Every structure is written in C-alpha cells, then in structure tokens.
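Please look over the sequence and the model before reading on, and keep both in view while the text moves from one part to the next.

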Amino acid sequence: TTYPVLPDLFRRPGISGMPIETTCTCHDDIFEIKIDGAPEADEVVAIVNECYAKFSFKHAIWDFRRASLSGFGAAAFKEVAAAGARFAGKRGPGAKTAMIVGDSSEVILVKAYAASASEVLPVRIQGFLNETEARRWLVE
C-alpha cells in the first residue's frame, strides 16, 4: 500500500530564490522523500523529526534529483546525522538509506555525508544517480 505522508511538508522560497517543495510517501517498508529546490539542514532535520517519528519503515529513499545539496557542509551533515540517529533503533538492524542525486559531484557529497554519519548513525547510506539501482540496493 502506498499512502501520502505529509505532502508539501515544506513549501517556501529558498535562499537562492528556488522554491522548496517536499513530499513523502511510504510503500511497503520503504519511506520515500522527494525534495525540490535547495534545502537547508534545518529543513532536512525537520523532515526526519516529523516523519521518522510517526511512521515505521526499515529503508529510506531521499530523492534529491530536483534539488541542490551544494549548500551542505560538515556541520549540516552532523546535524542531519544526529537527527537520523535518534530514530535508528526504530528502523532496526540492516536499515539502509539510498540518496538519489542529479550528478556525480553530489554522489561525492553523499559519500562524505555517509562517512560523517557512520560515527553516530548505524544505517548504511549510499548515493545513486539512478532510482532503479537505488531500489535494488535497498532490497539486497
């Protein structure tokens, strides 16, 4: 069953002037978050706090293909990882998060985030350019 979860959690003009739009859905044991625009760390943390607390799921897909992660730095990574760590036990052992991005430079950012997050977050995180590959990895 697929059901919408907090559609349009955020809709605002971003710092860059790009509007931020976020929609979330849950299907089977996979929680999906799609973000358009240039999200800031506090917005991603709010999504984690709002959605991860309310719903049970093992795996997550964060779809940033229509977003820019260029504003994320080390401090933002730590803030987001700490938020995710609060709910890691609820997700259970073997939980994974796939982050789908629009270009190879953002895959490098996801690798940096995964390395930083591994210090506090017992969830495997990997970046992808392709949704099919991301979904395949989640169910391996």
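Is Tyr113 buried or exposed? Tyr113 is buried, with a relative accessible area of 8%, where buried means under 20% relative accessible area, exposed means over 50%, and partly exposed covers what lies in between, calculated with a 1.4 Å probe and protein chains only.

Some conventions come before the details. The model is a predicted one, in which local features need pLDDT of at least 70 and side-chain atom pairs count only at pLDDT 80 or more, while totals for chains, interfaces and linings use all residues. Residues are numbered from 1 along each chain as its sequence is written, and side-chain values use heavy atoms, with hydrogens and water left out.

The chain has five helices and seven strands, these being DSSP runs numbered from the N terminus, with helices taken as H or I of at least four residues and strands as E of at least two. Along the sequence they follow the pattern β-β-β-β-α-β-α-α-β-α-β-α. Of the 140 residues, 46% count as buried. Among the contacts in the chain with a separation of 6 or more, 68% are accounted for by residues 24 or more positions apart, a contact being heavy atoms within 4.5 Å.

The loop between strand 3 (19–27) and strand 4 (30–37) holds Asp28, which is exposed, with a relative accessible area of 59%. Phi of Asp28 is near 55°, a positive value in a residue other than glycine.

Next comes the packing of two helices. Helix 1 (residues 41–54) and helix 2 (residues 74–85) pack at an angle of about 5°, with their axes 9 Å apart; the axes are lines fitted to C-alpha atoms, for helices over the stretch in contact, and the angles run from 0 to 180 degrees between N-to-C directions. That makes helix 1 roughly parallel to helix 2, since angles under 35 degrees count as roughly parallel, over 145 as roughly antiparallel, 65 to 115 as roughly perpendicular and the rest as oblique. In this contact, Ala41, Asp42, Val44, Val45, Val48 and Asn49 of helix 1 meet Ala76, Glu79, Val80, Ala83 and Gly84 of helix 2. These residues divide into seven nonpolar, two polar and two charged, with Ala, Val, Leu, Ile, Met, Phe, Trp, Tyr, Cys and Pro counted as nonpolar, Asp, Glu, Lys and Arg as charged, and the others, Gly among them, as polar.

The structure holds 10 aromatic pairs, a pair being rings of Phe, Tyr or Trp (its six-membered ring) whose centres lie within 6.5 Å, with planes under 30 degrees apart counted as stacked, over 60 as edge-to-face and the rest as tilted. The rings of Trp62 and Phe64 have their centres 5.9 Å apart and their planes at 10°, so this pair is stacked, and both Trp62 and Phe64 are buried. Phe77 and Tyr113 form a tilted pair, at 5.5 Å centre to centre and 55° between the planes. Because Phe77 lies in helix 2 and Tyr113 in helix 4 (residues 104–117), this pair ties together parts that are 36 residues apart in sequence. Phe77 is buried too, with a relative accessible area of 9%.

One aromatic cluster is formed by Phe31, Tyr52, Phe55, Phe57, Trp62, Phe64 and Phe87. Of these, Phe55 is placed in the loop between helix 1 and strand 5 (59–67) and counts as buried at 19% relative accessibility.

The last stop is around strand 6 (residues 96–100), where Thr97 is found. Thr97 is buried, with a relative accessible area of 7%, and, not counting residues up to four places away in sequence, its contacts include Trp62, Ile125 and Trp137. Ala134, in helix 5 (residues 131–139), counts as buried at 0% relative accessibility. Ala134 and Thr97 are 37 residues apart in sequence and 9.0 Å apart in space, C-alpha to C-alpha.
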